[in-house]
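Notebook open, model loaded. I want to go through a few spots one by one and jot down what I find.

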Amino acid sequence: MEESADGKAKKAGARLCCLCHQKKAALKRPKTLEQICRECFYEVFEEEIHQVIVENQLFKPGERIALGASGGKDSTVLAYVLSELNRRHNYGLDLFLLSVDEGITGYRDDSLETVKRNEIQYGLPLKIVSYKDLYGWTMDEIVKMIGLKNNCTFCGVFRRQALDRGAALLKVDKLATGHNADDIAETVLLNILRGDIARLSRCTSIVTGEDGPIPRCKPFKYTYEKEIVMYAYFKRLDYFSTECIYSPNAYRGFAREFIKDLERIRPRAILDIIKSGENFRISTSTKMPEQGTCERCGYISSQKWCKACVLLEGLNRGLPKLGIGRTRGLNNDDKKDTKKTNGTKSIESKQCGTLDF
Amino acid sequence: MLLFLLVSKLCRFSDMKLTVEFGGGLELLCNSVKIHNVNVELQSGAEKLTMKDLLSWIRTNLIKERPEMFMKGDTVRPGVLALVNDCDWELSGQLDTTLEEKDVVVFISTLHGG
């Protein structure tokens, strides 16, 4: 057994960090293929995010910022890094954690426990908004009624609004989410496959919804998932990782796997896909859905009623198919205008709403 | 005690003690156990144990369900990170990484939720 110590020493001497040339390299960066040590990794990882924040002017001094917090790896690292950068570089931000409780037993209740620990660990006030309070239904109750077929549509539509409502309650100026480079590359591909021009042009923007009540931003737009997970692992950050029990996640799953296969061959592919998404030119003659407001709840909507109100009406009237697939019943005033169904068609095929863009 | 002596005698030349750890949701494939202290038997005649050998051993001995979430072909599924003694296995030769007694091998899935 004595030789194992020698063996380890031999391994340790093998590769040195290409930045400090002193410590043993701990990982290979997908973005640059550099071999770097743990300390240099923390430094470049945090510094790059800081540069993205500065260059894109994501925050202004004095702003109140909500961080979308699911308890998962991305949002946990986001909360950790942003509170660190806020201190280090005097951003002057008031940071809050904002979580959505979809009402999924054995999934969200567990992950919310993680968020509650994060609240204490990072000293950031936490606000939880629940589907039950906002809509009168938990996801468990919705699934009981409609089954496992279109449940992700409900969840995705409801979550988007729930985050906006929670952000309004916190009176924040902006909402930052943990979407990473891999997520964005994946969404670019999905939107191309679906032919969803409106979302394709939006999904690569680092800031969205500037015309709406609460703009959203993605400080991790150029941050690789691998580095986020490595960072969380090396720093022993406390995060929750379980797949949602109701999510088949099929369509997005294929895109995700394809992205990961590409990354293995050529890690730069992820940034290249984001770049392609950014460079996609949408011809000005393409008719984009017009933004208005929902007649019932006042939320932004391109239709008479917003998607959440249509879905909710269906649930409450015992017609859960309402609003799934082709628009029928409530928004049918403009039936002749087939172009207007664009918005609903894309929601129909959208699988899991975990990643709202 | 007697049993321990017997086991250690039997294992002396053919076994390697390793710690295998699963994270990021992969533990769900092994009855939600994250840390496994294991003895991996070397193939008869084999001088060393590589990550390739360990992966096939894990697939047979530790993974209880959905092995496709962990492996693809003879390597880990893309999106699963592997570290040997807290060092990215991409730096040590991936499948060809040679393992030594008491090494700690960690697998983390990046594929679960955000």
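**Cysteines**

I started with Cys17(A), which is buried at a relative accessible area of 1%; buried here means under 20% relative accessible area, exposed over 50%, and partly exposed in between (1.4 Å probe, protein chains only). This is a predicted model, in which local features need pLDDT of at least 70 and side-chain atom pairs count only at pLDDT 80 or more, while totals for chains, interfaces and linings use all residues. For my own bookkeeping, residues are numbered from 1 along each chain as its sequence is written, chains are lettered from A and ligands numbered from 1 in the order in which they are written, and side-chain values use heavy atoms, with hydrogens and water left out.

Which cysteine sulfur is closest to that of Cys17(A)? I found it in Cys40(A), 3.7 Å away, which is too far for a bond. A disulfide needs a pair of cysteine sulfur atoms within 2.5 Å, and my search of the whole structure gave 0 disulfides over all chains. I also looked up Cys30(B), and it counts as buried at 3% relative accessibility.

**Annotated site in chain A**

Gly68(A) is in strand β3 (residues 64-68) of chain A; helices (H or I, at least four residues) and strands (E, at least two) are DSSP runs, numbered from the N terminus. Gly68(A) counts as buried, at 14% relative accessibility. Leaving aside neighbours within four places in sequence, Gly68(A) is in contact (heavy atoms within 4.5 Å) with Ser75(A), Leu98(A), Leu175(A) and Ala176(A).

Val100(A) lies in strand β4 (residues 94-101) of chain A and is buried too, at 5%. With neighbours within four places in sequence again left aside, its contacts include Arg108(A), Tyr131(A) and Arg159(A).

**Helix α6 of chain A**

Which residues of α6(A) are buried? In this helix (residues 139-146) I get Met139(A), Asp140(A), Ile142(A), Val143(A) and Ile146(A). They sit on the same side of α6(A), because they cover an arc of only 160° around the axis, taken from the directions from the helix axis to the C-beta atoms. An α-helix has 3.6 residues a turn, so residues three or four places apart point the same way.

What covers these buried residues includes α5 (131-135), α7 (151-169) and α13 (307-316) of chain A. Gly147(A) follows α6(A), and its phi is positive, near 85°.

**Chain B**

Then I moved to chain B, which has 2 helices and 9 strands. From the N terminus on, I read its elements as α-β-β-β-α-β-β-β-β-β-β. Of its 114 residues, 50% count as buried. Among contacts in chain B between residues at least 6 apart in sequence, 61% join residues at least 24 apart.

Last stop was Leu18(B), in strand β1 (residues 15-23) of chain B. Buried or exposed is Leu18(B)? At 2% relative accessibility, Leu18(B) counts as buried. Leaving aside neighbours within four places in sequence, Leu18(B) is in contact with residues including His36(B), Val38(B), Leu49(B) and Leu99(B). I took the C-alpha to C-alpha distance from Leu18(B) to His36(B): 8.3 Å, with the two 18 residues apart in sequence.
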